[in-house]
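Here is a short walk through one structure. Keep the sequence and the 3D view side by side as you read.

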Amino acid sequence: MSETRANTEKVTPAAVKSDNFVPFVLNGSEFEFKTNENFKFLKNNAAIIQPISDSISIGIEKLNTFLVSNPKQKIIITGYAASEEKNTTQFENLGLARANEVKNFFVAKGLAASQFEVKGEIVSSWKTISDTLIGLVEYKFEILHAVSTANGDWSVLKDKINTNPLILHFNTNKSNFNLNNEEDQKLSDIIKYLENIKNASVLIVGHSDNVGNREMNIALAQKRAEFSKSYLIKNGIGAARIDIESKGPDEPVGDNATTEGRASNRRTVITIK
C-alpha cells in the first residue's frame, strides 16, 4: 500500500461538514493563514489533483517557517471521504488515505514529518463538481509531547526504541500493513531520535515463517525489509540512513507449527544502530 504512519481509528459516518466544504485554514495560537482554496481529489481517489493553487503554496511556505521556529508544534491533518465513495487504498478509510497524501506533500516541500499526525473521517456526503471533490482536508494545531531525555541525553530514547522496537507484521506472501497507535508512537520516537542525532541510522531486519523453502523465505523477508524501508522514506527518513538485512526463517519468535506462531514470525524489526 501507499503507507504512512497514522491513527487508523475506527470511524462511522459523521455529520456533513458545513456547506460540504472545508477551506485551507491554518489557525494556531501564534499562526494564522486562510484561503478559500484547498486540496482537490477525484471521487474514489486519494491522489491530490495537481497543480495546487498558488495560495496554498504560500500557506505551506509560511507554515514551514513557523514550524521550524516552533519544533514542539504539531499539526493534525484530518481527511474526509463521502460514505458512497469506494476505498481502493489499503488504508482503513479513504479519508485517512487523503490525509496521508497531504502530509506527504508537506514533507516533500521540506516540512518535518514528525510534526504531523493524520486521521480520517467518513461523512454522509460531500460537495462534488463533476468527479472532483473540494476541501476534503482540515488542520488542527497541537503541542507535541516532549520525549523525556535527561539533560539532552538521547541515549535514553535510543534505549527505549531498541528495548521495545517497532515490529511490523505481514500476511502470508504479502508486504503491507497498517500502523496502530502504539506503532505510530514508536515511529515518531525513531524520527525524533534521527532528527536530533545526525550520525544515527536505522536497521530493518526482515523475518519470515518456515512455510516453503529457505531461499524463498530469505528473499521474502528481504522484500519485507525493503518494503518497510520505503515506508520509512515516505515518512521523512533519508534512504542513506536506513540499512536492511534478511534473516528469513532463522530467528522465529513464535511456533511455526501454529497459525499464530507463523503470523508472529512474518515481521520486520526496526531499531537504531
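In this predicted model, β3 and β7 (residues 132-134) run antiparallel and are joined by three bridges. Phenylalanine 41 has leucine 133 of β7 as its bridge partner. The pair belongs to an open, antiparallel sheet of three strands, in the order β3-β7-β6. β3 (40-42) and β6 (128-129) are the edge strands. Each has a single partner strand, so one side of each lacks a neighbour in the sheet.

Now turn to the charged side chains. How many salt bridges does a search of the whole structure find? The count is 12. One of them joins glutamate 117 to lysine 74, at 3.0 Å from N to O. Glutamate 117 sits in strand β5 (residues 116-123) and lysine 74 in strand β4 (residues 73-82), 43 residues apart. Both glutamate 117 and lysine 74 are buried. They are also part of a salt-bridge network that links Lys74, Glu117, Lys140 and Glu142.

A second pair to look at is arginine 266 with aspartate 209, whose closest N and O atoms are 2.9 Å apart. Arginine 266 lies in the loop between α6 (259-265) and β12 (267-272). Aspartate 209 lies in the loop between β10 (202-207) and α5 (214-234). Arginine 266 and aspartate 209 are both buried.

Are lysine 247 and glutamate 245 buried or partly exposed? These two form a salt bridge, with 3.5 Å between the closest N and O atoms. Lysine 247 has a relative accessible area of 28%, and glutamate 245 has 31%. Buried means under 20%, so lysine 247 and glutamate 245 count as partly exposed.

Conventions: Residues are numbered from 1 along each chain as its sequence is written. This is a predicted model: local features need pLDDT of at least 70, side-chain atom pairs count only at pLDDT 80 or more; totals for chains, interfaces and linings use all residues. Side-chain values use heavy atoms; hydrogens and water are left out. Two strands pair if DSSP finds at least two bridges between them. Helices (H or I, at least four residues) and strands (E, at least two) are DSSP runs, numbered from the N terminus. A salt bridge is a side-chain nitrogen of Lys or Arg within 4 Å of a carboxyl oxygen of Asp or Glu. Buried means under 20% relative accessible area, exposed over 50%, partly exposed in between (1.4 Å probe, protein chains only).
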